[in-house]
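This briefing is meant to be read alongside the sequence and the coordinates. Please keep both in view while going through the points.

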Amino acid sequence: MSVSDLVYTLPLGAALGFFGGLFGIGGGVIAIPLLGLAFGMDQALAQGTALVMMVPNLVIGWWRYQQRHPVPWRRVVALAAVATATTAVTAHFAARLDPAVLRALFGLFMSALALSLLWRVRAASEVQQPGRREGLIPLVGLVGGSSMGLLGVGGGLLAAPLFVRLFRQRQTVAQSLALALVTPSAAVALATYAQAQRVDWAMGLPMALGGLLTVSAGVAVAHRLPEARMRTLFALLLLATGVWMLLR
């Protein structure tokens, strides 16, 4: 990669890192469409390359959320174990799937999830109390891990709403739990995509460096926004991504 390439790659990574910290998603939901549609990568290569940036962003994002909303380590380990095992299986399959099919699945997933979130958003958010089914929280790793392996994203996108709706967690606590699930899953997915030679390291590493500079700022902003606004922005971001993928 030339110096001129770094001029736009580093700022791109910085922007993605900020939004990743803001929404607790690692930035892949934006990075993958950009790499596929703007840089001409096939879907599997775009997903593998985005994971290079996502892994360090997720580590820092989870650490920042954990400082503000600590999650018991026993729960973290249980979530991570279920999610990483599921990710390893689905990523092996996804790295060898037809790129056109994989892109269509990505677009449909984003659009459907966004519409579901928008349907549930209310004008005002009530303070949630922990639910009574918290022992089932590690099972969310099955859903999140499958999405991470297949699409390179979506573990947090699926897990955070489940933590809110089924287990009655606040949005920021839900995102902390989702990051505990997604962070090790992303590392496993990256290793699997790299083994299948579906990673552009020259593009991914500068993006990762840019993201490291801004992800903490995104987390800080997330804790200043009202929860209803957070959920609405989150859903609109997903909807725009999904429609963009399907139209192209």
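The model is predicted. Its protein chain holds eleven helices and zero strands.

**Overall fold and dimensions**
- Read from the N terminus on, the elements run α-α-α-α-α-α-α-α-α-α-α.
- Along the principal axes, the C-alpha atoms of the protein chain fill a box of roughly 50 × 35 × 35 Å.
- Of contacts between residues at least 6 apart in sequence, 85% join residues at least 24 apart.

**Burial and surface**
- Buried residues make up 54% of the 248 in the protein chain.
- The protein chain has an accessible surface of about 10700 Å². Carbon and sulfur atoms account for 66% of that surface.

**Nonpolar core**
- The largest nonpolar core has 72 residues.
- The members that touch the most other members are Leu51, Met54, Met110, Leu157, Phe163, Tyr193 and Met207.
- With residues up to four places away in sequence not counted, Met110 touches Val29, Val153, Leu157, Leu238, Leu239, Thr241 and Gly242. One of these, Leu157, is also among the core members that touch the most others.

**Helix α7**
- Helix α7 covers residues 155-165 and is largely enclosed by the rest of the structure, because eight of its eleven residues are buried.
- The buried residues of α7 are Gly155, Gly156, Leu157, Ala159, Ala160, Pro161, Phe163 and Val164.
- Leu157 and Phe163 from this helix are also listed among the core residues that touch the most other members.

**Serine 176**
- Ser176 lies in helix α8, which spans residues 171-195.
- Its relative accessibility is 0%, so Ser176 counts as buried.
- Leaving aside neighbours within four places in sequence, Ser176 is in contact with Trp62, Tyr65, Gln66, His69 and Val71.

**Surface patch**
- A nonpolar patch on the surface is formed by Leu136, Leu139, Leu142 and Val143. Together these residues have about 340 Å² of accessible area.

Conventions:
Residues numbered from 1 in each chain as written. Predicted model: local features only at pLDDT ≥ 70, side-chain atom pairs only at ≥ 80, totals over all residues. Heavy atoms only, no water. Core = buried A, V, L, I, M, F, W, Y, C linked by side-chain atoms within 4.5 Å. Buried < 20%, exposed > 50% of the residue type's maximum accessible area, 1.4 Å probe, protein only. Contact = heavy atoms within 4.5 Å. Patch = residues over 30% accessible without salt bridge, like charges linked within 9 Å, V, L, I, M, F, W, Y side chains within 5 Å. Areas by Shrake-Rupley, 256 points an atom, 1.4 Å probe, with all protein chains shown as cover. Salt bridge = Lys/Arg side-chain N within 4 Å of Asp/Glu carboxyl O. Helix = DSSP H or I, 4+ residues; strand = E, 2+ residues; numbered from the N terminus.
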